[in-house]
Amino acid sequence: MARTQTAMKKMNPIQKNEGPSLPVLDPRAAGVDVGSEKMFVSIGGGPPRVFETFTRGLHALKDWLVEEGVRTVAMEATGVYWLPLYGILEAAQIRVLVVNGAHVRNLPGRKTDTADCQWIATLHAHGMLRSGFVPEADIRRLRDYQRLRDDHIEMAAAHVQHMQKALERMNVKVHDVLSQITGVSGQRVVRAILGGERDPERLADLCDVQVLRRKREPLVESLRGTWVPEHLFALRQAVAAWDFYQGQIQECDQQIEAVLRAMAGTPPPEGEPPPGKPTASKKAGVNAHHIEGLKDLLVRTLGGKDPTVLPSLTHYTLTQLIAEVGTDLSRWPTEKHFTAWLGLAPGCRQSGKSRRRESRGLGKAGRIFCIAARSIARSTHLALGGFYRRLRALRGGQVAVMATARKVAVLFYRLMTRGLAYAEVGIQCYEEQYRKQQIRKTLRAAKRLGLTVLQPHSPQPAG
């Protein structure tokens with residue numbers, strides 16, 4: 001019995017040893033639970049303090065963190081409520097980590113603002129949080145203007161539909177004959193109708209010569225309508241609303257130009273060619289920016305790189321991408337990290353032997369690449385167009401768009417990080433490479449199955 005007690009006493013130190021504990025990397029790390037009315041802040045998981053979200057309260061929060069010697073703060077990306085505090089802390093040179101809410105989930109039953117800020121601070125103190133992508137101030141400013149411009153384009157499109165509805169109610173079918181009612185010919189006709197013109201021949205004469213040469217007769221017939229006062233009133237209001245949003249878009253273009261010029265720096269001296277190789281200009285779309293010298297501004301902003309050499313990337317698309325991902329893509333270590341962040345690569349959830357794929361969700365930048373991929377789908381001479389059509393036949397259009405968008409994103413990443421030149425090989429070269437690839441696969445499969453593939457001989461000439 002004595003021996004047993006002695007043995008147990010000897011074992012006590014071993015039994016009392018605790019398991020491995022996580023090291024505290026920064027005991028002064030702070031966590032903030034962001035709300036619309038209050039900010040709950042904890043330092044190192046300690047007792048929280050509450051601040052109002054008014055500007056005075058946010059500055060008081062910043063002053064308290066500075067007094068406590070806090071050098072880094074973590075917060076969730078909650079709507080747009082985190083942005084004012086982020087700007088104030090950034091100006092105070094405090095490192096801010098904006099983390100995904102899914103990465104800081106608390107245990108069930110402990111979901112309170114007080115517990116959340118303590119949990120975020122505890123995780124941050126142990127170095128278990130990773131910040132999401134937040135671009136620098138210039139890019140955030142450009143993003144705000146660009147996204148506001150996109151909103152105006154969306155709202156203007158709704159009023160184009162109102163124009164078409166009013167014309168349809170009057171049985172004026174001009175929007176069925178002309179490709180777009182907001183073009184030069186379409187706007188001349190609509191404004192002449194609002195000015196009192198009712199003669200279809202005179203209205204048709206306002207259109208472009210190319211339109212009249214091909215469509216004069218159906219155009220004249222489409223302009224015979226029933227001129228009802230209430231529908232003319234609706235048309236007038238729709239045109240006025242569309243004009244208003246066009247003015248808003250133009251003002252956004254002026255602000256975007258100012259930001260780009262500040263980012264591009266001093267222009268090169270007169271007579272000196274701009275950086276980068278000269279490239280052929282691509283046709284501007286309907287919603288393209290009206291900025292003088294936009295191409296040179298973008299090339300100077302990117303340090304001489306011109307991603308518009310890539311298929312389907314125009315200066316409008318490039319401006320959108322810069323506003324979303326910035327000019328420095330080295331934040332993503334590899335092209336796989338970049339495409340995964342865009343949402344163009346499938347996610348994977350693994351638990352033990354169970355492994356399944358899950359959707360990551362497309363972000364704004366990922367959707368831009370998908371739009372570029374859809375334009376590639378209409379091409380007849382691009383190698384990527386052949387890739388899209390081959391994959392669409394096998395897996396469907398949605399998978400083909402995502403895969404093509406990923407290829408364009410990879411090319412964009414390589415050009416922005418390593419300056420790799422892009423050379424279009426053409427659809428014929430792509431089809432020949434694909435044919436050789438299929439032949440190699442067939443020969444390997446035949447060898448594995450113990451079969452022999454006989455190459456067809458060319459026919460011998462007669463006699």
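This note goes through the fold of the model above, point by point.

1. **Basis.** This is a predicted model, in which local features need pLDDT of at least 70, side-chain atom pairs count only at pLDDT 80 or more, and totals for chains, interfaces and linings use all residues. Residues are numbered from 1 along each chain as its sequence is written, and side-chain values use heavy atoms, with hydrogens and water left out.

2. **Overall make-up.** The protein chain holds 17 helices and seven strands. Helices (H or I, at least four residues) and strands (E, at least two) are DSSP runs, numbered from the N terminus. Of the 463 residues in the protein chain, 39% are buried. Buried means under 20% relative accessible area, exposed over 50%, and partly exposed in between, with a 1.4 Å probe and protein chains only. Take the contacts in the protein chain between residues at least 6 apart in sequence: 65% of them join residues at least 24 apart. Contact means heavy atoms within 4.5 Å.

3. **The sheet.** Five strands form an open sheet in the order β3-β2-β1-β4-β5, and the pairing is mixed. Two strands pair if DSSP finds at least two bridges between them. β3 (49–52) and β5 are the edge strands, each pairing on one side only. On average, neighbouring strands of this sheet are turned by 25° against each other, direction ignored. Axes are lines fitted to C-alpha atoms, for helices over the stretch in contact, and angles run from 0 to 180 degrees between N-to-C directions.

4. β1 (residues 30–34) pairs with β2 (residues 38–43) in the antiparallel sense, over five bridges. A hairpin of three residues connects β1 to β2. Asp33 has Phe40 of β2 as its bridge partner. Val32 is opposite Val41 in β2. β2 is mostly covered, with five of its six residues buried. β2 and β3 run antiparallel and are joined by four bridges. Here Lys38 stands opposite Glu52 in β3. The hairpin of β2 and β3 has five residues between the strands, and Gly44 in it takes a positive phi near 65°.

5. **β4, α3 and β5.** β4 (residues 72–76) and β5 run parallel, joined by five bridges. Glu76 has Val99 in β5 as its bridge partner. From β4 the chain crosses through helix α3 (residues 82–91) to β5, a right-handed β-α-β crossover. A crossover is right-handed if, with the strands pointing away from the viewer, the path from the first strand over the helix to the second runs clockwise. β5 (residues 95–99) is mostly covered: four of its five residues are buried. α3 packs on the sheet and touches β1, β2, β4 and β5; its direction makes about 170° with that of β4.

6. **α10 and two helices that cross it.** The axes of α5 and α10 come within 8 Å and cross at roughly 165°. That makes α5 roughly antiparallel to α10. The crossing of α5 and α10 is left-handed. The axes of α7 (residues 184–194) and α10 come within 10 Å and cross at roughly 130°. α7 and α10 are therefore oblique to each other. Angles under 35 degrees count as roughly parallel, over 145 as roughly antiparallel, 65 to 115 as roughly perpendicular and the rest as oblique. The crossing of α7 and α10 is left-handed. The contact involves Gln187, Val190, Arg191, Ile193 and Leu194 of α7 with Leu232, Leu235, Arg236, Val239, Trp242 and Asp243 of α10. A crossing is left-handed if the near helix is turned anticlockwise from the far one by less than a right angle, and right-handed if clockwise.

7. **α12, a covered helix.** In α12 (residues 315–325), 11 of its 11 residues are buried. They include His315, Tyr316, Gln320 and Glu324. The cover includes α5 (137–169), α10 (229–264), α11 (294–301), α13 (335–342), α14 (364–377) and α16 (397–418). Just after α12, Gly326 takes a positive phi of about 80°.

8. **α12 against α14.** The axes of α12 and α14 come within 9 Å and cross at roughly 160°. That makes α12 roughly antiparallel to α14. α12 passes α14 in a left-handed crossing. On the α12 side, Thr317, Gln320, Leu321, Glu324 and Val325 meet Lys364, Ala365, Ile368 and Phe369 in α14.
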